[in-house]
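Here is a friendly walk through a two-chain model, in question-and-answer form. Have the sequence and the viewer ready, and let's begin.

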Amino acid sequence: MNKKLLSNILFYLIVIAIACIVLFPFLWMLVSSFKTQVDIISWPPKFFFTPTLQNYQKVFEEQDFLKYFLNSTIVGVVAVGFSLVLGLPAAYSIARFTQKKLSVFILLARLMPGISFLVPWYIVFSRLNLMDSYLALILSHMLIALPIVVWIMSTYFNTIPREMEESAMVDGATRQYAFFAIILPLSGPGIITATTLSFIFSWNNFMFSQVLSMEKTKTLPIAVYNFLSYAEVDWGGVMAAAVAIMTPAIILTMIFQKYVVKGLTMGAVKG
Amino acid sequence: MSNVILKNVVKRYGSVAAVDDLSIEIRDQEFAVLVGSSGCGKTTALRMIAGLETATSGDIFIGDTCVNDMPPKDRDIAMVFQNYALYPHMNVRDNMGFGLKIRQMSKKDIDARVEEAADILGIQALLARKPKELSGGQRQRVAVGRAIVRKPKVFLFDEPLSNLDAKLRVAMRAEISKLHRRLGATIIYVTHDQVEAMTMADRIFIMHNGALQQIGAPMEVYRQPANRFVAGFIGSPAMNFIDAKVALEDGAMFIDAGGFRVRAPETFRSRLEPYLDRPVIFGVRPEDMSLHDATAGTGNSIKAHADVVETLGSEIFVHLTCEAHSLVARMEAPDSPPMVGDMLEIDLKMAKTHVFDRETSQTIV
């Protein structure tokens with residue numbers, strides 16, 4: 001009994017320690033977003049202070065944050081949408097016709113550092129006059145979303161018995177009809193997982209937007225940059241902007257927590 | 001005409017032949033059962049008839065049409081899968097009407113067909129339910145219902161009863177047989193269960209290692225097995241096989257198993273003569289062994305030691321050891337059943353025994 005109690009205490013101590021390490025930066029950011037610049041940089045750090053909303057006012061009033069929000073949403077939704085349109089049939093094909101080489105190739109695209117795509121993209125998009133266009137950003141974000149969709153969904157389709165579509169095909173359906181009428185309606189949980197994860201990764205992406213977007217298509221992570229200048233760093237603004245950016249992602253994760261965890265445990269996603 | 005013909009059909013996976021040169025004809029309105037142990041190629045053969053697998057070589061005909069390159073949807077067949085494959089997101093009515101909807105039949109006609117099939121199978125009350133709200137037996141009926149609403153040329157059943165409990169299996173066996181008589185359809189039924197094959201089939205097609213072993217009516221394959229595999233596969237408990245040799249003494253022919261020797265019936269003589277002094281396998285079914293009856297006077301009894309006695313109510317299985325040979329006997333339960341450890345005298349019904357060539361495993365007699 002004592003041994004069990006001891007192991008329980010040890011377990012929770014470890015959990016709390018890990019949670020502290022993980023949550024500390026987030027809490028620091030949240031608390032700092034309500035501090036003045038003076039309070040933020042004071043030493044020793046102030047744990048008791050008068051909260052202020054001036055950082056959030058700056059974010060939403062001085063900066064065109066809603067535009068950036070809209071840009072991120074457009075890029076994320078369209079990139080994920082196109083990735084689903086292309087990725088679902090590809091994943092089905094990989095699952096049913098065991099195309100291992102193709103699946104590894106797609107995974108490689110995900111594992112390669114994104115920065116290696118940037119130089120060619122920059123050249124191609126600037127020659128096509130597509131810099132600072134939604135199309136360029138959407139295509140680049142599909143590099144993030146498409147492998148996630150393909151990898152998660154091919155694993156998911158493997159869990160659906162083949163007999164489902166075989167039965168539909170014997171009943172008179174073509175394979176395509178069976179896919180749309182039988183397989184897709186059964187794939188809801190997988191599609192939610194893939195959509196949520198790929199949208200969050202697109203939402204948080206900094207590098208592609210930093211190079212390929214300018215004022216017109218600037219997305220939220222780039223907008224944080226507005227608070228950094230050569231002269232000073234507006235830490236309060238950065239923190240408030242970061243909180244504003246993270247909130248939709250956190251809400252999405254909390255709503256679809258079950259599916260997100262499942263997606264991550266499918267071993268499908270590079271964290 | 002909805003007969004099904006397979007001509008020299010081969011299915012290879014790499015270097016392995018799952019189905020090896022299979023040539024069979026399933027007649028119009030016949031209840032044909034493909035039976036064999038796991039991996040014998042029976043399901044692959046069925047899937048090739050359905051169009052879910054492509055034959056490596058050979059031809060498949062349904063009616064007069066060669067269907068080699070025809071997709072499953074155009075073959076006018078219906079299939080009941082082992083795991084039923086009901087569409088979980090559709091209720092029973094939509095599951096059953098799915099094939100008719102694809103054929104763009106009117107809703108009124110679909111409803112009429114679905115209700116007719118539901119009526120036959122006694123599942124009218126389940127039409128609004130989803131598959132997850134059904135028991136195993138009910139799902140099985142829905143799967144059969146989905147097949148019969150389409151009134152196809154040929155029905156294919158892939159081990160449809162293997163997920164049911166023993167009692168339900170017996171009931172469904174009888175129902176599928178009744179359904180066959182009622183619909184007058186051609187049915188190809190795959191199972192590994194020889195009891196299903198024996199009880200339901202017009203003809204049994206026994207397969208082993210991708211090759212056809214024997215075709216015949218149930219009692220034909222039981223009484224005249226083509227080889228040792230068929231003899232051991234059909235019948236429960238399985239036939240006892242004993243290594244022996246054929247001996248001739250004072251003009252009489254004997255089966256000499258080393259530990260015991262029994263006299264072969266005169267009807268065996270002509271077929272056994274070429275095997276004199278050669279090794280053979282002697283086969284005797286458990287049900288052709290009984291406790292010695294002095295009045296019957298068969299003269300062919302053996303002495304064996306009772307190792308295990310299994311009581312099934314109306315009958316008993318007695319596991320015996322006779323010298324180095326292990327045997328099982330199946331007999332009506334006597335008033336005082338034998339006890340473990342008893343030395344029993346067992347009569348063999350020699351006219352019903354078999355002898356197999358030890359090299360080729362083919363039946364000699």
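Contact here means heavy atoms within 4.5 Å. This is a predicted model, in which local features need pLDDT of at least 70, side-chain atom pairs count only at pLDDT 80 or more, and totals for chains, interfaces and linings use all residues. Residues are numbered from 1 along each chain as its sequence is written, chains are lettered from A and ligands numbered from 1 in the order in which they are written, and side-chain values use heavy atoms, with hydrogens and water left out.

Q: Is A:Arg96 buried or exposed?
A: Helices (H or I, at least four residues) and strands (E, at least two) are DSSP runs, numbered from the N terminus, and A:Arg96 is found in helix 4 of chain A. Buried means under 20% relative accessible area, exposed over 50%, and partly exposed in between (1.4 Å probe, protein chains only). Because its relative accessibility is 6%, A:Arg96 counts as buried.

Q: How far apart in space are A:Arg96 and A:Phe157, C-alpha to C-alpha?
A: Not counting residues up to four places away in sequence, A:Arg96 touches A:Phe157, A:Asn158, A:Ile160, A:Pro161, A:Arg162, A:Glu165, A:Arg175 and A:Ile183. A:Arg96 and A:Phe157 are 61 residues apart in sequence, and their C-alpha distance is 8.0 Å.

Q: Which helix gives the largest share of the core?
A: A nonpolar core is a set of buried Ala, Val, Leu, Ile, Met, Phe, Trp, Tyr and Cys residues joined through side-chain atoms within 4.5 Å. In the largest one, of 67 residues, A:Phe65, A:Trp121, A:Met153, A:Phe157, A:Ile182, A:Ile183 and B:Phe98 touch the most other members. The largest share of this core, 13 residues, comes from helix 7 (residues 134-159) of chain A.

Q: How many residues are in another core, apart from that one?
A: In soluble globular proteins, nonpolar side chains tend to be buried together. The other core includes B:Val80, B:Val92, B:Ile110 and B:Leu161, and its count is 46 residues.

Q: How many residues of helix 8 of chain A are buried?
A: Helix 8 covers residues 163-171 and is mostly covered. Its buried residues include A:Met164, A:Glu165 and A:Asp171. They pack against elements of chain A, including helix 9 (175-183), and of chain B, including helix 2 (92-102). The count of buried residues is 8 of 9.

Q: Which residue just after helix 8 of chain A takes a positive phi?
A: The place to look is just after the helix, where phi is about 125 degrees. The residue is A:Gly172.

Q: Which helix of chain B is included in what covers the buried residues of helix 9 of chain A?
A: The buried residues of helix 9 are A:Ala178, A:Phe179, A:Ala181, A:Ile182 and A:Ile183. From chain A, their cover includes helix 4, helix 7 and helix 8; from chain B, it includes helix 2.

Q: What distance separates the centres of domain 1 and domain 2 of chain B?
A: The domain assignment (automatic or from a database) gives domain 1 as 4-233 and domain 2 as 240-357. Between them, 8 residues of domain 1 are in contact with 6 residues of domain 2. Taken over C-alpha atoms, the centres are separated by 39 Å.

Q: Is B:Val16 buried or exposed?
A: B:Val16 lies in strand 2 (residues 16-26) of chain B. Because its relative accessible area is 52%, B:Val16 is exposed.
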